[in-house]
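Here are some notes to read alongside the structure, for anyone opening it for the first time. Have the model on screen while you go through them.

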Amino acid sequence: MKLIMILFLIGLVFSACSGGNDLSDAYGNFEATEITISAETTGKLIVFNIEEGQTIKEGEIVGVIDTTQLYLKMEQLEASKKAISTKFGSVIAQINVLKEQKVNAEKDQKRIEAMFNSKAATQKQLDDINGNITVINKQINQIETQNGTIINELKSLDAQIAQVDDFLKKSIIVNPVEGTVLNKYAEPYEIAVAGKPLYKIADISIMYLKAYVSGDQLPKIKIGQQVKILIDKNKKELNSLTGTISWISSQSEFTPKIIQTKDERVNMVYAIKVKVKNDGQLKIGMPGEVRF
């Protein structure tokens, strides 16, 4: 009888060690930071070289949107700027001519004033030279006003050219982060529209197990704490990984239906995230267990 009891207890211990489910403190599913990449301009997608499951690097060019219309617009703006710049040069030349005339007129003014003071020139001669200088000043001011208008036109064209140049750059689709393509939403030769999703990418080298703990378990955990992560190896065995608690919710919530806590389901729980380095075993949505 004692032998049977001993064998029974050994069987219970073995069962507990092999199953391990009753020893876990929290349960959840793995997730990754997913980023949806969208088109920033509108046009035909003439190149789009990615496939689902493909790993692409940060800064890698993965597609090109047709830039023909943007290129033609840029040519038009550049031609307009060149024409206005030529006009601008002509205005500067006119101003320089008038300024030279003003210098000569001011010399005559000083000479006539000296002659007038010595009674060698008449009042009319003095009035004429003063009037001539006034006319030249008005002409210079008028042309400078026209010059200001041209400068504003050049500034406006420069702004439009910068805008088209920005669209040209955005027509080249550059992958912003290194990761794995999870979903592909477009194909080559389709029309891309600004804001339309093209693909979804995530860095799955680091995964996060989002699990839930009860209020009684909160004092046992803290951010930065290392914990053991368990995932299914087969129906009877579990694989063990090491993770670090990276986030603990400050607010409680109702227990998700798919989650079971250590003892039994409770009404209110706290979400936590455990950062785990992925050695290739982890997949988005895969269930996992936490032991503190």
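The points below go from the whole chain to helices, sheets and a few single residues.

1. First, the ground rules. This is a predicted model, so to speak of local features takes pLDDT of at least 70 and side-chain atom pairs count only at pLDDT 80 or more, while totals for chains, interfaces and linings use all residues. Residues are numbered from 1 along each chain as its sequence is written, and side-chain values use heavy atoms, with hydrogens and water left out.

2. The whole chain. You'll find three helices and 15 strands in the protein chain; helices (H or I, at least four residues) and strands (E, at least two) are DSSP runs, numbered from the N terminus. The chain has 292 residues, and 30% of them count as buried. Here buried means under 20% relative accessible area, exposed means over 50%, and partly exposed is in between, with a 1.4 Å probe and protein chains only. Take the contacts between residues at least 6 apart in sequence: 74% of them join residues at least 24 apart. A contact means heavy atoms within 4.5 Å.

3. The helix pair. Look for helix H2 (residues 68-117) and helix H3 (residues 123-170): their axes come within 8 Å and cross at roughly 165°. Those axes are lines fitted to C-alpha atoms, for helices over the stretch in contact, and the angles run from 0 to 180 degrees between N-to-C directions. H2 passes H3 in a left-handed crossing, meaning that the near helix is turned anticlockwise from the far one by less than a right angle. By class, the contact of H2 with H3 has 27 nonpolar, 13 polar and 13 charged residues. Ala, Val, Leu, Ile, Met, Phe, Trp, Tyr, Cys and Pro count as nonpolar, Asp, Glu, Lys and Arg as charged, and the others, Gly among them, as polar.

4. The loop between those helices. Lys119 lies in the loop between H2 and H3. Its phi is near 65°, a positive value in a residue other than glycine. Most residues other than glycine have a negative phi. Lys119 counts as exposed because its relative accessibility is 76%.

5. Another positive phi. Tyr189 isn't a glycine either, yet its phi is positive, at about 75°. Look for Tyr189 in the loop between E7 and E8. With a relative accessible area of 60%, Tyr189 is exposed.

6. The four-stranded sheet. This open sheet has the order E2-E9-E7-E4, with antiparallel pairing. Its edge strands are E2 (34-38) and E4 (55-56), each pairing on one side only. Two strands pair if DSSP finds at least two bridges between them. E4 and E7 (residues 179-184) are joined in the antiparallel sense over two bridges, and Ile56 stands opposite Gly179 in E7.

7. A buried lysine. Is Lys200 buried or exposed? At 18% relative accessibility, it counts as buried. Lys200 sits in strand E9 (residues 197-202). Leaving aside residues up to four places away in sequence, Lys200 touches Glu34, Ile35, Thr36, Thr180, Val181, Leu182, Asn183 and Tyr185.

8. Strand E3 and its partners. E3 (residues 43-48) runs antiparallel to E8 (residues 191-192), with two bridges joining them; Gly43 stands opposite Ala192 in E8. Three bridges join E3 to E5 (residues 61-65), also antiparallel, and the bridge partner of Val47 in E5 is Val64.

9. Strand E14 and its partners. Eight bridges join E10 (residues 206-213) to E14 (residues 268-277) in the antiparallel sense. E12 (residues 238-248) pairs with E14 over five bridges, again antiparallel. Which residue in E14 is the bridge partner of Lys210? That is Lys273, and Lys273 is also the bridge partner of Trp247.

10. Strand E13. E13 (residues 253-254) and E14 pair antiparallel over two bridges, with Phe254 opposite Met268 in E14. Glu253 and Met268 are 15 residues apart in sequence and 5.2 Å apart in space, C-alpha to C-alpha.
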